[in-house]
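Work through these exercises with the structure open beside you. Try each task before you read its solution.

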Amino acid sequence: MDSKKKNDANCFQMPLHYPKYSMKDYQTMPEWQLDRLLADYGLPVHNDLAYKREFAMGAFLWPNFQQGQKPSP
């Protein structure tokens, strides 16, 4: 059973709740919190802080909330 738990940690996991952070929240979120959020979903926590923030925003924000994009009509 322990080996199954270890293997499950290496794949995508869907927690009960979808994160409800804004773009500003991701831009100011400390690295440890981003690491925890990404790990909770089984997503990679490698690279620098700027990459982790960009990755989290791309993964969890709807397209019309992403930086540099205007909402669709």
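**Exercise 1. A buried charge**

*Solution.* 

Step 1. Note what you are looking at: this is a predicted model.

Step 2. Locate the residue. Arg53 sits in helix 4.

Step 3. Apply the cut-off. A salt bridge needs a side-chain nitrogen of Lys or Arg within 4 Å of a carboxyl oxygen of Asp or Glu.

Step 4. Look for another polar partner. A polar atom of the Arg53 side chain lies 3.3 Å from the backbone oxygen of Gln27.

Step 5. List the surroundings. Neighbours within four places in sequence aside, Arg53 is in contact with Tyr26, Gln27, Thr28, Met29 and Leu34.

**Exercise 2. Counting salt bridges**

How many salt bridges does the count come to? Work out which parts of the chain they join.

*Solution.* 

Step 1. Side chains of opposite charge can pair when their charged atoms come close.

Step 2. Count. The total is three salt bridges.

Step 3. Describe one pair. Glu31 and Lys52 meet through their side chains in a salt bridge of 2.7 Å, N to O. Glu31 belongs to helix 3 and Lys52 to helix 4, so this pair ties together parts that are 21 residues apart in sequence. Glu31 is partly exposed, at 33% relative accessibility.

Step 4. Describe another. Lys52 and Asp35 form a salt bridge, also given as 2.7 Å, N to O. Lys52 lies in helix 4 and Asp35 in helix 3, so the pair ties together parts that are 17 residues apart in sequence. Asp35 has a relative accessible area of 23% and is partly exposed.

Step 5. Asp40 and Arg36 are four residues apart in helix 3, so about one helical turn separates them. Asp40 is partly exposed, with 31% relative accessible area. Arg36 is exposed, at 53%.

Step 6. Join up the shared partners. Glu31, Asp35 and Lys52 form one network of salt bridges.

**Exercise 3. The faces of helix 3**

Which residues of helix 3 are buried? Decide where they lie around the helix, and what they pack against.

*Solution.* 

Step 1. Pick out the buried residues. Helix 3 runs over residues 31-40, and its buried residues are Leu34, Leu37 and Leu38.

Step 2. Look down the axis. The buried residues of helix 3 fall within an arc of 95 degrees, so they line one face.

Step 3. Use the helix geometry. An α-helix has 3.6 residues a turn, so residues three or four places apart point the same way.

Step 4. Turn to the face directed away from the buried side. There you find the exposed residues Trp32 and Arg36.

Step 5. Name the packing partners. The buried residues of helix 3 pack against helix 2 (23-28) and helix 4 (49-60).

Step 6. Step past the end. Just after helix 3, Gly42 has a positive phi of about 70 degrees.

**Exercise 4. The whole chain**

How many helices and strands does the protein chain have? Then describe its cover and its contacts.

*Solution.* 

Step 1. Count the elements. There are four helices and zero strands. Along the sequence the pattern reads α-α-α-α.

Step 2. Of the 73 residues, 21% are buried.

Step 3. Describe the surface. The chain exposes about 5900 Å², and carbon and sulfur atoms supply 57% of that area.

Step 4. Check the reach of the contacts. Among contacts between residues at least 6 apart in sequence, 46% join residues at least 24 apart.

Conventions. Residues numbered from 1 in each chain as written. Predicted model: local features only at pLDDT ≥ 70, side-chain atom pairs only at ≥ 80, totals over all residues. Heavy atoms only, no water. Buried < 20%, exposed > 50% of the residue type's maximum accessible area, 1.4 Å probe, protein only. Helix = DSSP H or I, 4+ residues; strand = E, 2+ residues; numbered from the N terminus. Arc of directions from axis to C-beta. Contact = heavy atoms within 4.5 Å. Areas by Shrake-Rupley, 256 points an atom, 1.4 Å probe, with all protein chains shown as cover. Polar contact = N/O pair within 3.5 Å; in protein donor to acceptor, adjacent residues only side chain to side chain.
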